[in-house]
Amino acid sequence: MRLFHSQTEIRQFVSNQRYRDVKIGLIPTMGALHEGHLSLVKMSVEAGDLPVASVFVNPTQFNNPEDLEKYPRNLDQDLKMLESAGCQAVFAPSVEEMYPFVPDLTINFGSLETELEGKFREGHFKGVGLVVSKLFNIVQPDHAYFGQKDLQQYYIIQKLIQQLSFPIQLRMAPIMREAHGLAMSSRNERLSESDRNEAALIYQSLQEAQKELLKSTSDISAVKQRIHELFKTSDRLTLEYFEVISTDDFKPLKKIKNKATTALCIAAEIGQVRLIDNLLLIS
Ligand code: AMP
């Protein structure tokens, strides 16, 4: 596995590989890797790509400087894990390499960036849109792999690809979960064993809501009320939001119109750790 820190070198590497008529798969990450991230690399390997991962903690997607500073960084460990998953090249630039000047370009994603996560993390998706556009231009992949775990981010990238005409096929990787159902996340490391067990309620509540919503008599407001009540039974978990949304615009639905584009999204906090999860209604 090759490691590159400069844009010029990774570009050169990828263009040399193209002579071998190979498809390039890009897996953007912020490091602090776990099995969830590796599942994206494995998808790329299975698709027959030459998988290229990026490891970059992107400052423009953090609206809280303390969060950015505290974000776990362990490149050596990440490299070992990436290699074991079959990754063939890693692009791990410094902040100066990615942003030699302060970027002032902004991309507007409409309601996709203002609903749900957008409300809690102002400017987050603009930062994601900018860094992913840069990565697409630097690596020029054929396929790009993103996790369902960050569902809203996936649809931001889909819009980016469609509206800026990137010649890239976007692929969604399913959510990898711990044994009791908690979605894997770099933030889980900050949870005690008992908090992790308690946090299993997040996935359980999604499953319960999904079951209800698939009934012909389902009523979204009753389901939402039930989920809020369920969280009141936990003295450590605080529900931030539970919404049934359309993946077209991420606006909360009052009534399900199209099951195929309906998703259940949740965010909750435990011990000052914010966790998100989701289920597609038909999954
Ligand atoms: P991050 O490093 O948090 O920016 O995540 C990098 C990629 O890994 C994103 O596309 C995430 O959606 C994906 N990812 C994170 N956690 C999981 C998980 N538990 N299962 C599958 N993919 C994940």
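Author: A pocket here is found on a 1 Å grid over the protein atoms alone, as an open set of points where a 1.4 Å probe fits, with protein on both sides within 12 Å along at least five of seven lines, and its lining residues have an atom within 4 Å of a point. Grid points are joined across faces, edges and corners, and a volume is the space filled by probe spheres set on the points. The model is a predicted one, in which local features need pLDDT of at least 70 and side-chain atom pairs count only at pLDDT 80 or more, while totals for chains, interfaces and linings use all residues. Residues are numbered from 1 along each chain as its sequence is written, and side-chain values use heavy atoms, with hydrogens and water left out.

On these terms the largest pocket has a volume of about 480 Å³. Its lining consists of 19 residues, and those nearest the centre of the pocket are Asn64, Asp67, Arg187, Arg190 and Arg274. By class the lining holds 9 charged, 5 polar and 5 nonpolar residues, where Asp, Glu, Lys and Arg count as charged, Ala, Val, Leu, Ile, Met, Phe, Trp, Tyr, Cys and Pro as nonpolar, and the others, Gly among them, as polar.

As for where the lining comes from, α3 (65-70) and β9 (273-280) each supply at least two of its residues, helices (H or I, at least four residues) and strands (E, at least two) being DSSP runs numbered from the N terminus. The most is given by α3, with 3 residues. Domain 1 (2-173) and domain 2 (186-278) each contribute at least three residues to the lining, with the bounds taken from an automatic or database domain assignment.
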